[in-house]
Amino acid sequence: RVMKLRSRDQRPGWVLMFHFLVLVLCEILVARALDNGLARTPTMGWLHWERFLCNLNCKEEPDSCISEQLFMQMAELMVSDGWKDVGYEYLCIDDCWMAPQRDSENRLQADPQRFPGGIRRLANYVHSKGLKLGIYADVGNKTCAGFPGSFGHYDLDAQTFADWGVDLLKFDGCYCDSINHLENGYKYMSLALNRTGRSIVYSCEWPLYLWPFHKPNYTDIRQYCNHWRNFDDVSDSWQSINDILDWTSSRQEEIVDVAGPGGWNDPDMLVIGNFGLSWDQQVTQMALWAIMAAPLLMSNDLRQISPQAKALLQNKDVIAINQDPLGKQGYCLRKEDNTEVWERPLSNLAWAVAVRNLQEIGGPRSYTITIVSLGHGVACNPGCFITQLLPVKKELGFYEWTSSLKTQINPTGTVLFRLEAATIVQKN
Ligand SMILES: *[C@@H]1O[C@H](CO)[C@@H](O)[C@H](O)[C@H]1NC(C)=O
Ligand SMILES: *[C@@H]1O[C@H](CO)[C@@H](O)[C@H](O)[C@H]1NC(C)=O
Ligand SMILES: *[C@@H]1O[C@H](CO)[C@@H](O)[C@H](O)[C@H]1NC(C)=O
């Protein structure tokens, strides 16, 4: 007898019907998302904060201060170096773009020395490159760095951003004196953006500022925001990446199911291509941000990035997992013996699986995954094709449900796999 493998689209009708019903059910169960048609898959782009912070010193550091020149250079590189082609689309300004005061009509204004052309001209330039422009403001009386906050000016600021042609707003939560002001402010700004009639992705930090007081109502947040920060700012260190992953897995019961097309949990920027992470740690960030369906907002210097980091950030197979149209966030399946296994359901009955070696000592460690334990027992039932995507791509071939997959993982590193469903047909 010959065993023959059948490709996915030849599955019997009832399997496809079942899959369809599951999808419909998922749509109903996932809470209603902000209805602006945006962020159907996690936002991809570049955000200045982690790498460039609040550098105002253009005199001595013209190449790294927060200025229109920085954003124009990044825009050019996003196009010429292939970033836009793989999906990085939003070029985002963070704090410290403003002048210290509003203008005579109370509108926010860019610092005239650092942004001589103003934000509207910068937006035009960014749009001429086929990219979108993101900007930053704050729900309270001041931004975190002390620039004018939007409290009392939500409608005016939303309209100003729309008039300038802004495509994304990151709305921070510093200098806000009460939970009521915070929650009402985030909601009000969402409605104010909608009233401008311009499509503007709304990136919130609402739950991050709420957690110290009480558990956020994510059903509510999802109705107002396209993505929301839950936890501390990322920094360029392994400790920071680990803390974010630990927080995420410890709260996964509360946050995983709320993510879906139109609304995502945001574990903060990708710091790949900077100084603090080893190669294996950069692989871990890329793999796990894909599993978590996280916005992929790089904060690095595209003018000087290693070919290795660039290839990792531009890895199409990994980006495809992050951007999978099913839009379900992955989760930590188990943690044992200094190893974590994460998995994420994908469209067409595929799954992504990431195995992390948490040890920070020794060499590569072996780990064996029992295939039946993956994806509630259905990820590879009755069989699947497995491809290792990270740290290097390898076609591993066909695996049966009852088999196991042996792998080796470097300290602090991650191995990322993609499992494609296949059925076995027995022929005489
Ligand atoms: C504003 O909200 C309405 C209803 O929720 C929606 O249909 C419309 O597309 C939104 N407009 C924008 C610009 O986001
Ligand atoms: C902003 O400052 C005013 C005046 O001090 C105060 O009444 C108001 O509550 C503050 N708003 C926020 C959101 O902190
Ligand atoms: C959360 O918000 C939703 C939508 O506003 C509301 O229906 C629900 O009752 C809230 N849940 C809790 C526990 O307050």
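**Notes on a predicted protein chain**

1. Start with one residue. S203 sits in strand β6, which covers residues 201–204. The model is a predicted one, and every point below should be read that way.

2. Is S203 buried or exposed? S203 counts as buried because its relative accessibility is 6%, and buried means under 20%. Leaving out residues up to four places away in sequence, S203 touches L168, L169, K170, F171, H227 and D266. One of these, K170, returns in point 8 as part of a salt-bridge network.

3. Now move along the chain to L419. This residue lies in strand β17, residues 414–427. L419 has a relative accessibility of 1%, so L419 counts as buried.

4. Which residues does L419 touch, if those up to four places away in sequence are not counted? The list is A350, W351, V353, L374, A379, C380, C384, F385 and I386. Take C384 from that list. In sequence, L419 and C384 are 35 residues apart. In space, their C-alpha atoms are 6.0 Å apart.

5. Next, the charged pairs. How many salt bridges does a search of the whole structure find? The search finds 22.

6. K132 and E89 form a salt bridge, with 4.0 Å between the closest N and O atoms. This pair links distant parts of the chain, as its partners are 43 residues apart. K132 belongs to strand β4 (residues 132–138). E89 belongs to the loop between α4 (83–86) and β3 (90–92). K132 counts as partly exposed because its relative accessibility is 29%. E89 is also at 29%, so E89 counts as partly exposed too.

7. D111 and R114 meet through their side chains in a salt bridge, 3.7 Å from N to O. Both D111 and R114 are buried. R251 and E254 form a salt bridge as well, with the closest N and O atoms 3.9 Å apart. Here R251 is partly exposed, because its relative accessible area is 29%. E254 has 26% relative accessibility, so E254 counts as partly exposed.

8. Salt bridges can also join into a network. Which residues are linked in this way? They are D94, K170, E205, R229, D233 and D268.

9. Step back to the charges of the whole chain. The protein chain has 40 positive and 49 negative side chains. The centres of the two sets lie 8 Å apart.

10. What does the chain contain overall? It has 14 helices and 17 strands. Its C-alpha atoms fill a box of roughly 85 × 45 × 40 Å along the principal axes. The radius of gyration is 23 Å, and this agrees with a compact globule, because a globule of 428 residues would have a value near 22 Å.

11. Of the 428 residues, 56% count as buried. The accessible surface comes to about 18,100 Å². Carbon and sulfur atoms account for 51% of that surface.

12. One last figure concerns contacts.

Terms used
Residues numbered from 1 in each chain as written. Chains lettered and ligands numbered in written order. Predicted model: local features only at pLDDT ≥ 70, side-chain atom pairs only at ≥ 80, totals over all residues. Heavy atoms only, no water. Helix = DSSP H or I, 4+ residues; strand = E, 2+ residues; numbered from the N terminus. Rg over C-alpha atoms; globule rule 2.2 N^0.38 Å. Buried < 20%, exposed > 50% of the residue type's maximum accessible area, 1.4 Å probe, protein only. Areas by Shrake-Rupley, 256 points an atom, 1.4 Å probe, with all protein chains shown as cover. Lys, Arg positive; Asp, Glu negative; His and termini not counted. Charge placed at Lys NZ, Arg CZ, Asp CG, Glu CD. Contact = heavy atoms within 4.5 Å.
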